[in-house]
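Please find below a colleague's note on the model under review.

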Amino acid sequence: MERAVVRCVPAEPKLSVSFVLGDGSARHMQRDQAEPLGRALARIANNAGKGNAKAAKKSKKARAETGAPPPPLPTVCLFSQDGQAVADDVPNAEAWQDGTVLQIGETRYRVERNPPALTELQLPRSLLAGFPVCSKVRIEFGSPAHCLFRWYQEQKAEPGVAATAAATGWVEAPGGTERVFTPSNAHIGLRLKLVCTPANELRRYGLAREVESGGPVEAGPGACTFDARHLYTKKVTGPGLIRTVTYNILADIYAQTELSRTVLYPYCAPYSLELDYRQNLLKKELAGYSADIICLQEVDKSVFTDSLGPALDAFGLEGLFRLKEKQHEGLATFYRRDKFSLLSQHDIALNQALLEDPLHKELRDQLAPYPEVQEKVQQRSSVLQVSVLQSTSDPSRKVCVANTHLYWHPKGGNIRLIQAAVALSHVRHITHNVYPATPIIFCGDFNSTPSTGMYSFVSNGSIAEDHEDWGSNGEEKPCRISLTHPLRLKSACGEPAYTNYVGGFHGCLDYIFIDANALEVEQVIPLPSHEEVTTHQALPSVSHPSDHIALICDLKWK
């Protein structure tokens, strides 16, 4: 039996009916949901009648000669699942149920109401051998996690054989049955094709669609800055160890500006600033770290949804995303599913928490004499992502993973101090009141070098009111307050010479702060050598996808 697909969403005024006539022509109709069924069936009859228009024109002369009348419109009827004809006065939304049967002349169609359907299927423009490819999938009434995927590779004619349609075509790519596919060197020069069948959790399948790559697979860039680091991270860590990564991956909305191309990164080849190219490198880099916890900053929302999220999912990592306030990028935290489960999330916007949360009343009171500083804090979009994870092998072990990206301006040291104070108070509340005695891993791009007040405050537990950073923004009335926190935190990766290396600046801005009372460092994965970082002058480059460098360390419970 043929299929007729009906899309009917309560929030929309119209439903759609799609089917293919016997002559192969597709029909797609939009009808009011409240319209009586009889009108819709009459329209279908007219549409089906038009399908015979060409044949009718050809026989018009014959009919004129014989005096025969034009062919009648086909009989159209809708039958319920028990075989009864549905009454003409029943509203469309009620009539077109899953499993009903539409009959057009002699042809019968099984009605499928709201089956899983692909609304978008795309492949990235840049395909590199040895780098994971993740398709962009948008699906209605289903989930990409339940879809069926089948990858194909171009089959070219043998040398000396004419490239006819019979000599070329597509063959299944070995191992290509997942959403993420990594082409090999054997695919260089060949295009790829993906066939996706949409599905839902009930194993209900919709119509398959296919997409072909716009160009062939190309050779990769050669040696990348992360290749040597992967030698230390080939395997997932054993029980009791937590491999942790923090990484500002450079949001596309910042990489694609005129300022970035001409001022910030003029040394970077334009094609290597393109999102698809950088995503190739990022997916391979992150997958190769075999991490248990990954904290990312500057993650475009679309990148998380369409690229990094599904790609890292394929490598066993579950992802959480928090958008910055009024921005298109934010934070992402990933954790390895077979080592951790998510207990709860406690994300906050730092400016809103300072303004409203009773937890920060003392800090609010301290800031009351400094309205200019308060206003600048409120203008910032920084957020704090907090996820409490539980070990799957030992449920008594929990860890609180915090992830943030503090204010960027070089003269914003006082703002970063206040943001850090809000973040630490919130994390302490979670680890002392909500989940008592839970160790902390606090990752992020803190936009602060080790010589700053922010770093000193986090590491030492206090900052004096006369610290020079309180006047870093140049207000007429410098903010003079002292801050303390009771957490014992230390930088797990120490104080590298730099984690950010661009043409006009290099310095250490990123950290993995750990609870020194409960966690210790097993090993720190060495950073790329200075020669590797500067091979193409600075970062990003054709062999490195961001202007920052990932920090990676293996932690263990004491």
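1. Arg-125 is exposed, with a relative accessibility of 69% (exposed means over 50% relative accessible area, buried under 20%, partly exposed in between, with a 1.4 Å probe and protein chains only). The side chain of Arg-125 forms a salt bridge with that of Asp-276, at an N to O distance of 3.9 Å; a salt bridge is a side-chain nitrogen of Lys or Arg within 4 Å of a carboxyl oxygen of Asp or Glu. This pair links distant parts of the chain, 151 residues apart: Asp-276 belongs to helix H8 (residues 275-288), and Arg-125 to the loop between strand S7 (117-122) and strand S8 (133-134). Asp-276 is partly exposed, at 21% relative accessible area.

2. The model is predicted: local features require pLDDT of at least 70, side-chain atom pairs count only at pLDDT 80 or more, and totals for chains, interfaces and linings use all residues. Residues are numbered from 1 along each chain as its sequence is written, and side-chain values use heavy atoms, with hydrogens and water left out.

3. As to overall dimensions, the C-alpha trace spans about 105 × 65 × 50 Å along its principal axes. The protein contains 15 helices and 31 strands, assigned as DSSP runs (helices H or I of at least four residues, strands E of at least two) and numbered from the N terminus. Of the 558 residues, 51% are buried. Among contacts (heavy atoms within 4.5 Å) between residues at least 6 apart in sequence, 70% join residues at least 24 apart.

4. The salt-bridge count comes to 26. One of them joins Arg-138 and Asp-306, whose closest N and O atoms are 2.3 Å apart. Here strand S9 (residues 136-140), which holds Arg-138, is linked to helix H9 (residues 301-314), which holds Asp-306, across a separation of 168 residues. Arg-138 is partly exposed at 29% relative accessibility, whereas Asp-306 is buried at 8%.

5. A further salt bridge brings together the side chains of Asp-554 and Arg-243 (2.8 Å, N to O). The two residues are 311 apart, with Asp-554 in strand S31 (residues 551-557) and Arg-243 in strand S15 (residues 241-248). Both Asp-554 and Arg-243 are buried. Elsewhere, a network of salt bridges links Arg-7, Glu-12 and Glu-140.

6. Leaving aside residues up to four places away in sequence, Asp-469 touches Gly-413, Asn-414, Leu-417, Thr-452, Gly-453 and Met-454.

7. Helix H12 (residues 371-378) packs against helix H13 (residues 413-434) at an angle of about 70 degrees, their axes being 10 Å apart. H12 is therefore roughly perpendicular to H13 (65 to 115 degrees; under 35 counts as roughly parallel, over 145 as roughly antiparallel and the rest as oblique). Axes are lines fitted to C-alpha atoms, for helices over the stretch in contact, and angles run from 0 to 180 degrees between N-to-C directions. In this packing, Val-373, Lys-376 and Val-377 of H12 meet Asn-414, Ile-415 and Ile-418 of H13.
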